[in-house]
Amino acid sequence: MRFLPVFLDLTSGPIVLVGSGTAATAKLHLLRAAGAHVRWFSPEIDVAEELLLASHYAGRIGIAIGEPGEDDLAGALAVVSAAGSGIDERIAQRARALSVPVNVVDRPDLSTFVFPAIVDRGDVVVATGTGGASPVLARRLRERIEAILPARIGEFAAMMSRYRDRIAAARKRYPGLSLRRFWERVIDGPIGAAFHAGRTRDAEAALAMAIDNAGTSATKTEGIVHLVGAGPGDPDLLTLRALHALQAADAIFYDDLVGPDILGRARRDAELIFVGKRKGEPGIGQAEINRRLAAAAKAGRRVVRLKGGDPFIFGRGGEELEHLRQEGIPVHVVPGITAALGCAAEAGLPLTFRSEATRLALVTANTAEGPDNVDWNGLADPQTTVIVYMGLTAAEDVRRGLIGAGRDPQTPAAVLARGTRPDAVTAVGRLDDLPALAASAGDGPALLVIGYVVARSEPWRTQQDAAIEVAA
Ligand code: SAH
């Protein structure tokens, strides 16, 4: 490690910037946006526009035309030079002679400090460096860090900072209070979860209350349940918030639709509890799942209830939510990409299309009452794209129901099985052939899709091309 990352207080002195090209103006904006007082030396005279732009920030800016001498550099907090070969070397030498830190853009050999790639979330700043070896690599690392940091982390830090004095006062009243434990509970518990979910006012109110009660509840840890959609199968289709919940979880209750790839993204020492149904076995039942979720949260654990697709689409997430609410347990719902959206994207199958498909119906043929209870007449409109969940074994009922309601038997139809997984299969044909298509798709999970838009999908086009080849 040649370069030690440090955070510089920009209010403690001016920064001298030299140069007028794009590299120099990029640094000008970075420094000004951070509130720096900049003394800008430009070899170019025509800088009015940049100067105007750079004046919009807090702090001062001064401009001089030409090259700074030693007197101009003395007393600077740091010098940044991007003036080009010749000038840069002279500037670096003068700065070093004065022991003022100097950065020459893209010249680590002339620099005594380098700029890291920065993730800027207000008070939370992450700096990434490669010792000047590869700015591109530093930027890639920054992108990854951007992705894992919750979007509101900066505001969250600012809120905690606003309450620092208040908790310090509470500690005077309760000397046994551990500040570290208190803040850990705030960050990892319901307050942090509410804040990151956008309920910032609720979170702040809860924080204020937690501080007022700090002495009495100091030993109690509060559990929480995240009701998380895992998406259709491909772990890359998890949302960032789902990933955060998985990485913070103590216990994860998961269904049969959730594969090992997704569980592999969980915190390594999280307990994984299967509560789905295996073929031919009854499963533990919804009431028992509800009971176990509530018990785990009441024991103070951070619980994730992980479901395939989206928890609120044919996932009984609503029932779990209501049960946990009744028990007074904090619950947060993290949406997932539902199977219909994941499968449609994979198959290049637009679900709506101008003047051809103006309505989308997500239905299940597996209602508790059986397929005869489905309102097929409600799906009669030829512009409705119908997507049937849990319909693989009910393909014949779906065919009969839709044709009985007046849908053209020649309507394009597809069966999308194991969508977004490595063994995904699509079968395309006509509504009239739906049972045969379902039989050809193999095991589930699978969706049935009926509507004109199926003819616009990738598998349909491929099949047409193959048919033309056979005919030729
Ligand atoms: N909550 C889930 C649906 C659960 S019901 C969601 O939003 O996707 C289970 C049904 O979802 C399956 O019977 C099947 O119809 C569908 N399904 C789930 N994952 C699927 C996948 N990868 N490919 C095709 N269908 C899938």
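The dialogue below treats domains, a sheet, aromatic rings and individual residues in turn.

Tutor: This is a predicted model, in which local features need pLDDT of at least 70, side-chain atom pairs count only at pLDDT 80 or more, and totals for chains, interfaces and linings use all residues. Residues are numbered from 1 along each chain as its sequence is written, and side-chain values use heavy atoms, with hydrogens and water left out.

Student: How far apart do the C-alpha centres of domain 2 and domain 4 lie?

Tutor: The protein is divided into domain 1 (14-115), domain 2 (153-212), domain 3 (224-337) and domain 4 (341-467). These bounds come from an automatic or database domain assignment. Between the C-alpha centres of domain 2 and domain 4 the distance is 50 Å.

Student: Which strands stand at the edges of the five-strand open sheet?

Tutor: Strands here are DSSP runs of E with at least two residues, and helices are runs of H or I with at least four, numbered from the N terminus. Two strands pair if DSSP finds at least two bridges between them; the order in this sheet is 10-9-11-8-12, with parallel pairing. An edge strand has a single partner strand, so one side of it is left without a neighbour in the sheet; this holds for strand 10 (271-274) and strand 12 (331-334).

Student: Which residue in strand 11 stands opposite Val228?

Tutor: Strand 8 (residues 224-229) pairs with strand 11 in the parallel sense over six bridges. The residue of strand 11 that faces Val228 is Leu306.

Student: What angle lies between the planes of Phe182 and Trp183?

Tutor: Rings of Phe, Tyr and Trp (its six-membered ring) pair if their centres lie within 6.5 Å; planes under 30 degrees apart count as stacked, over 60 as edge-to-face and the rest as tilted. The whole structure holds five aromatic pairs. Phe182 and Trp183 form one that is edge-to-face, with 5.2 Å centre to centre and an angle between the planes of 80°.

Student: Over the ring of which residue does the charged end of Arg456 sit?

Tutor: A charge sits over a ring if NZ of Lys or CZ of Arg is within 6 Å of the ring centre and within 35 degrees of the ring normal. Lys27 sits in this way over the ring of Phe115, 4.6 Å from its centre. For Arg456 the distance to the ring centre is 3.8 Å, and the ring belongs to Phe353.

Student: Why does His196 count as buried?

Tutor: His196 lies in helix 9 (residues 190-196). Leaving aside neighbours within four places in sequence, its contacts (heavy atoms within 4.5 Å) are Pro150, Arg152, Ile153, Phe156 and Arg241. His196 counts as buried because its relative accessibility is 18%.

Student: Where is Pro445 found?

Tutor: The peptide bond from Gly444 to Pro445 is cis, with omega near 0°. Pro445 is found in the loop between helix 18 (434-440) and strand 17 (446-450).

Conventions: Buried means under 20% relative accessible area, exposed over 50%, partly exposed in between (1.4 Å probe, protein chains only).
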